[in-house]
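Here are my notes on the model you sent over. Have it open while you read.

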Amino acid sequence: MSRQEPGWRELPRGAVSTKSTTEYETGDWGIEKPEIDRSKCTKCLLCHFYCPEGAIRVRDDGYTEVDLRHCKGCGICAEECPVKCIAMVRKK
Amino acid sequence: MKGQILMGLNGDEASAYATKQVNPDVVAAYPITPQTIIVERFSEYVADGEVETEFVAVESEHSALSSCVAAAAAGARAFTATAANGLALMWEITYIASSLRLPIVMAVANRALSGPINIHNDHSDSMGARDSGWIQIYCENSQEVYDASIAAWRIGEHPDVQLPVMVCLDGFTLSHTMENVLTLPDEAVRTFVGERKFIRVRGQSGETELRLNPEAPLTFGPLDLQDYYFEHKMQQVDAMEQALVAIPEVDAEYAKVSGREYGFIHPYMMEDAEVAVMGLGSTMGTVRHVVDQLREEGVKAGLLKLRVFRPFPSKELVKMVGDLPILGVLDKSASFGAPGGPLYEEVKTAFYDEAERPLIAGYIHGLGGRDTSPDLIRGVFESLLGVYERGEVRDKVSYVGVRQ
Amino acid sequence: MSELTMREAARKPDALAPGHRLCAGCDETIIVRMVLKATRGPIIVTSATGCLEVSTTIFPYTAWNVPWIHVAFENAAANASGIEAAWRAMRRKGSGPLAKYETLDVVAFAGDGGTYDIGLQALSGALERGHDFTYVLLDNEAYMNTGIQRSGGTPFAASTTTSPAGRVIPGKREWKKPIDEIVIAHEIPYVATLSAAWPIDVMRKARKAFEATGPAFLHAIVPCSRGWRYPEEKTIEVSRLAVQTCFFPLYECRLEKGRPIYELSAGSAAVAKRPESKKPVVEYLEIQGRFRHLFRPERREDLIKNIQDWVDNRWEMLLEKVG
């Protein structure tokens, strides 16, 4: 074992999970990331609903924001945006 | 003990009655001979409003145990009962129940596994599940069924244990035979089992009770890769070790309430025995009868009735056997291709490294409800006396009562 | 019946956290997120073995922000029965940790494998017993988690690893099992079909399912970019086309005075209103690699027609039921 993982005495009984996947950053999966042009955005909120990760959150001002730590770059948001204000751009 | 009522109950009725007094939250069960009286009797209690239990008439044994698992995870006391192929059908879930550390109680009316289909008593069903991580208690008579069906809750729910418990009773021989049972008053049972208490674990929500809780979510039944499964299994190994300590604690408490003392192994006439037979379940009643006869004939016979098979009480066994020269082990199930029956193998293993150990011979009997008569048991003792005379075991394992 | 607006739903914290390991573009979590937006109070979730269950709970992680249990593959409905029974008993006793909840929504998620096939018995039993729970079928039309093997929910002619499009046999020879009819025949209060392409419809139906007293069944079409073979950004588009071609109509069936009352919804109501808008099923088939063999090396007009006839027949039967 290369990492120091817990021994059996340190794990919770019942084999219940110990941490949320929010700590597991899937943001490095994709080669593209979405960029939102808020000047065109109509705040329809569809991208928030269509994101399989739940990585597009709605801000207080009603616009959406992408959590790049978890975005897998699937491109559904860009594909489905009714006003095409989201572009998938290649990550550097 | 004062206040106990003598009732005529067969093994199934004893199980149902004790469970009625415990008043579990959920009973999810599917009928199978010879357990049917348990579910029928309990259904009557439900229909008559004598329990507050939610009775789930599931459509298979697999769903019976699944529903119990989920109910227990949700914080309920859950009970089920089965036999033979019903246990076989829920086999997958037995492992899951113990891995989730759920103190479910299940009555198993021991019956032969098909095929051919046979509805009569042997231990192939519960023996087939001996690796599943369940505590296993075997009962000799209805009284023991009644008592075990109450104590099982406290054993499984003991904070150091947290394991499901199988209460095994021989199908028909015990399940359908009426015997005298001293029953505790309802209040005494309620006080003894109390409310189910939960252990606390450090899960995703911090330190919380181990249950499905909307206010402190936990994830039960995750996927383990190669990096965690083994450690989770070690916890179950440890739980069984803890049960070796916890079971006598619960038994002692139960003795105070009932006046009946239980242990891992119940010896009879062992103080000066020269030849003894060990086994599980109702057959030991027949063995006791033969031991009495042999004693009258001057044979220093004895018996060891094993009550708890899982966890296997090796230390206790070695201590009780002491300097006994000859031990016969009765198995009411076979393991095809194995060196002997399951109990025989475990007993021999317990003694292998001991400096002092008896000559041990195994006898497989009673498969498919083949009657184990006093004469048959006599034959076993005679065979053991032959071993004594020779000073060696010639036939390690014999199959007795079968036509050659 | 309480309604939920997009705005309100968007503000609800997700029951499912990001960081799970489902494929990019997977529709399972899109549906799950939408359905769980419609919860009205405390919930307990149970999942059958499958893509969702496995990928959201790789130890030590979990994506579930709600109490959740996985037991095995074939027993999601039996688990839900047990949880519901536990709650009911505690309410009756007035004691036990769940006794304080006046409402507790028990939700079961299972795939087509865990529903059409190995899970059908447990589902049927739970429906017959009338437990108060919601069962959500996440139908990606094959055993995706184990490598795209066919299930009873796999459509005719689809190529899967156990019904491959070979030289002699062109994919699955059997038709998609009519699971909704089977469930409706159990005479439960509420049955509905879902497509993520109509989010408000999904949430509305989910809310109705939670509020129904007794069993509710939601059947979601869940395109799988890996198993159906299309570019992952097209997931919602594929789901939309399934409805627009009437391959997977959107409707509800509720029990009223012992009779099933059918109602079309969203995209299907639109097609019924303007029948000329019904798209030919070939538009749905040609964008999926699992139907590629119907077009290359040669166009299988015979099989495409079989599928169109099946779609048309079932659409007409549904229209008749709607009345």
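The points below go through the contacts, the core, the domains and a few single elements.

1. Ground rules. This is a predicted model, in which local features need pLDDT of at least 70, side-chain atom pairs count only at pLDDT 80 or more, and totals for chains, interfaces and linings use all residues. Residues are numbered from 1 along each chain as its sequence is written, while chains are lettered from A and ligands numbered from 1 in the order in which they are written.

2. Chain C against chain B. Contact here means that the C-beta atoms of two residues, placed from the backbone, lie within 7 Å. On that basis 40 residues from chain C meet 41 residues from chain B. On the chain C side, strand S1 (43-47), strand S3 (68-70), helix H4 (76-93) and helix H6 (120-129) give two or more residues each; helices (H or I, at least four residues) and strands (E, at least two) are DSSP runs, numbered from the N terminus. H4(C) has the largest share of that side, with 13 residues. By class, the chain C side holds 23 nonpolar, 13 polar and four charged residues, where Ala, Val, Leu, Ile, Met, Phe, Trp, Tyr, Cys and Pro count as nonpolar, Asp, Glu, Lys and Arg as charged, and the others, Gly among them, as polar.

3. A strand pair across the chains. Strands pair if DSSP finds at least two bridges between them. Look for Thr219(B), whose bridge partner in S3(C) is Trp68(C).

4. The core. A nonpolar core is a set of buried Ala, Val, Leu, Ile, Met, Phe, Trp, Tyr and Cys residues joined through C-beta atoms within 7 Å. The largest one has 248 residues, and Val69(B), Ala71(B) and Val167(B) have the most contacts inside it. H4(C) turns up again, giving this core its largest share, 10 residues. What does Ala71(B) touch, not counting residues up to four places away in sequence? Its contacts include Asp25(B), Val26(B) and Ala28(B) in chain B, and Gly82(C), Ile83(C), Ala85(C) and Ala86(C) in chain C.

5. Domains of chain B. An automatic or database domain assignment sets the bounds, giving domain 1 (5-199 + 241-257) and domain 2 (265-400). Their C-alpha centres lie 27 Å apart, and 26 residues of domain 1 are in contact with 20 residues of domain 2. S6(B) has the largest share of the domain 1 side, four residues. That side has 13 nonpolar, nine polar and four charged residues.

6. The sheet in chain B. Seven strands form an open sheet with mixed pairing, in the order S3-S2-S4-S5-S7-S6-S15. Strand S3 (54-56) and strand S15 (308-310) are the edge strands, each pairing on one side only. At the S3(B) end, strand S2 (residues 26-28) runs parallel to S3(B) and is joined to it by three bridges. Ala28(B) stands opposite Val56(B) there.

7. Chain B against chain A. Here 19 residues of chain B are in contact with 13 residues of chain A. The largest share of the chain B side, four residues, comes from H9(B). The classes on that side are eight nonpolar, seven polar and four charged.

8. S7(C). How many residues of strand S7 (residues 216-221) of chain C are buried? Six of its six, where buried means 20 or more other C-beta atoms within 10 Å of the residue's own, exposed 12 or fewer, and partly exposed in between, with C-beta atoms placed from the backbone. Ala216(C), Leu218(C) and Ala220(C) lie on one side, with Phe217(C), His219(C) and Ile221(C) on the other. Strand S5 (residues 134-139) of chain C runs parallel to S7(C) with six bridges, and Leu137(C) has His219(C) as its bridge partner. Strand S6 (residues 190-194) of chain C is also parallel to S7(C), through five bridges, with Ala192(C) opposite Leu218(C).

9. Ser124(C). This residue lies in helix H6 of chain C. Ser124(C) counts as partly exposed because 16 other C-beta atoms lie within 10 Å. Leaving aside neighbours within four places in sequence, Ser124(C) is in contact with Glu59(B) and His186(C).
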